Amino acid sequence: MATFRTVKGFRDFFPEDCALRNYIFDTWRQVARRYGFVEYEGPLVESTDLYKKKSGDEITAQLFCFEDKGGRDISLRPEVTPSLARMATARHRDYKKPMKWFQIGPCFRYEEPQEGRSREFIQFNADILGDASQGSDAELVALAVDVMLAFGIQSEDFVIRLSNRQVWTHYLEDRKVPQEHWTAFLAIIDKIERAKPEDTAEKLGKIGLTLEDVRSFMASVDGNHPIFAALRADLEARGLWRYVRIDATIVRGLAYYTGMVFEVFDLKHGLRAVAGGGRYDKLCALISDSSVDMPSAGFAMGDVVLGILLSKTPGAQVGITDYLNTQMGVEAYVVVADEAQRAPALAAVQALRAAGVRVDFSLNAQKVGKQFQAAENLKARFALVYGAEYPQVQMKNLVSREQQLLPAEQIIHAVTEALKLPVTGPLIA
RNA sequence: GUGGUCGUAGCUCAAUGGUAGAGCUCCAGAUUGUGAUUCUGGUUGUUGCGGGUUCGAGCCCCGUCGAUCACCCCA
């Protein structure tokens, strides 16, 4: 039994975990670049005041905060948006608008861990700064959809639940609800599906509203509401509106959102939200003390819930399996059948590697059978046998099980050419 | 931060308060130049940790750490 364990809420990434993580990273990065986003990164640690300024003092309960040796009050970042706002407002003149930026990295929250929620998690963030139109709202929703599709998660597996906070601010203005109650009201709406109806009714009563009125209003908000018109036209033209379901209960907590808000949900397993985001037009002004006012919108997707969803979605397994085979395997394995030929075998290993081929071999003398087993375990497509027949070399196709004798000097060319061909023959003999 | 359940080998799990086990994995051999299967042998535990009750604790009690579930929160 190991003396040391991971700190509560933190994870190890063993090779198979790391390969899966890299698959997720690569997919995020690939799709974001397809959309013209550029990658940035901020510091893992920021002044605690940055987060307090954005969200208020009460969030320190969930902050991973501490004092450094210089007496500074600092926090591991619980999210990236404040850093993004700080960076973007500091140098916004250096970049043409709109700024389409994405980021992938760890975040930390001091909470009780459970499935789908650890203290350290990795987020993909995509944001568009300097554009106030619903065109950027649509671009972000489209990116979220395409990311899901790229993972092999299909329309029957997920949905974008989307709303707009202005739907509710207009409602509250119509009902003459004082502004100091708006935040509390949005918190009630956020919980309306999970809370007991009588509790919700009581809370609404305190600010002069009834559950019946809220419910009937919610039911009236659908895709025909004029506030979604531009967004809908945009996404319909892209063929992506079918992934969107208008849902007025989506308000995204008590954060800084000012307009469109959305969350990505799985449809089959009742997991937590896979991703969420929206428009936050006032955050840059807040962070920069009003020196820079940039309309912005964005969303974040975490690796933990996504990983659970991937593992539960059959359609997502193909991409993962393909990726794991290339991450954790090799293309060719050099078998040293006769230790007297180790020198030319090593020369071939290096020449193949120089040619870009993934190659492995036994570091010490092993029986040929063991070496072929190792080749099998590493999912090699070809084995190259260096033994008594040298300067001839046996090149064996481990999939079709055919082998041929080739002059040693032709091996590099033969392997690189053969790897260009599709895999043929029985995968399992 | 609050409450419930759980914690035994690398993994999945057994063991009436009475000598800590099985399967899988891993390593080696059967097999001296070809991958599977099979067979044989082998490594691994202060039963999460620390106290207590008892002639005797993996088992009962208390604490603590961790996992998990529900709250909370979800920026």
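**Figure 1. Domain layout of chain A.** The domain assignment of chain A gives domain 1 (15-321) and domain 2 (330-420), the bounds coming from an automatic or database domain assignment. The centres of domain 1 and domain 2, taken over C-alpha atoms, are separated by 51 Å. This is a predicted model, in which local features need pLDDT of at least 70 and side-chain atom pairs count only at pLDDT 80 or more, while totals for chains, interfaces and linings use all residues. Residues are numbered from 1 along each chain as its sequence is written, and chains are lettered from A and ligands numbered from 1 in the order in which they are written.

**Figure 2. The eight-stranded sheet.** Eight strands form an open sheet of mixed pairing, in the order β1-β5-β6-β11-β10-β9-β7-β8. Helices (H or I, at least four residues) and strands (E, at least two) are DSSP runs, numbered from the N terminus; two strands pair if DSSP finds at least two bridges between them. Strand β1 pairs with β5 (residues 99-108) in the parallel sense over two bridges, and Glu 39 stands opposite Phe 102 in β5. Helix α1 packs on the sheet, touching β1, β5 and β6 (120-129), and its direction makes about 165 degrees with that of β5. Helix α11 (residues 303-312) also packs on the sheet, touching β6, β9 (260-266) and β11 (296-302), with its direction at about 55 degrees to that of β11. Contact here requires that the C-beta atoms of two residues, placed from the backbone, lie within 7 Å. Axes are lines fitted to C-alpha atoms, for helices over the stretch in contact, and angles run from 0 to 180 degrees between N-to-C directions.

Figure 3. Three strands form an open sheet with antiparallel pairing, in the order β2-β4-β3. Its edge strands, β2 (45-47) and β3 (64-67), each pair on one side only. The twist averages 35 degrees from one strand to the next. Strands β3 and β4 (residues 73-76) pair in the antiparallel sense over four bridges, and the bridge partner of Glu 67 in β4 is Asp 73. Helix α2 (residues 48-55) packs on the sheet, touching β2, β3 and β4, and its direction makes about 70 degrees with that of β2.

**Figure 4. Packing of helices α1 and α4.** Helix α1 (residues 15-34) packs against helix α4 (residues 134-150) at an angle of about 135 degrees, with the axes 10 Å apart. That angle makes α1 oblique to α4; angles under 35 degrees count as roughly parallel, over 145 as roughly antiparallel, 65 to 115 as roughly perpendicular and the rest as oblique. The crossing of α4 by α1 is right-handed: a crossing is left-handed if the near helix is turned anticlockwise from the far one by less than a right angle, and right-handed if clockwise. Thr 27, Trp 28, Val 31 and Ala 32 of α1 make the contact with Leu 143, Asp 146, Val 147 and Ala 150 of α4. By class, this contact of α1 with α4 has six nonpolar, one polar and one charged residues. Ala, Val, Leu, Ile, Met, Phe, Trp, Tyr, Cys and Pro count as nonpolar, Asp, Glu, Lys and Arg as charged, and the others, Gly among them, as polar.

**Figure 5. Packing of helices α4 and α9.** The axes of α4 and α9 (residues 229-238) come within 9 Å and cross at roughly 45 degrees, which makes α4 oblique to α9. Helix α4 passes α9 in a right-handed crossing. In α4, Gln 134, Gly 135, Asp 137, Ala 138, Val 141 and Ala 142 meet Ala 230, Leu 231, Asp 234, Leu 235 and Arg 238 of α9. The contact of α4 with α9 has six nonpolar, two polar and three charged residues.

Figure 6. The peptide bond from Lys 97 to Pro 98 is cis, with omega near -5 degrees; Pro 98 is found in the loop between α3 (81-90) and β5. A cis peptide bond also runs from Tyr 390 to Pro 391, with omega near 15 degrees, and Pro 391 lies in the loop between β14 (382-386) and β15 (392-397). Ser 290, although not a glycine, has a positive phi of about 70 degrees, and lies in the loop between α10 (283-287) and β11. Most residues other than glycine have a negative phi, and most peptide bonds are trans.
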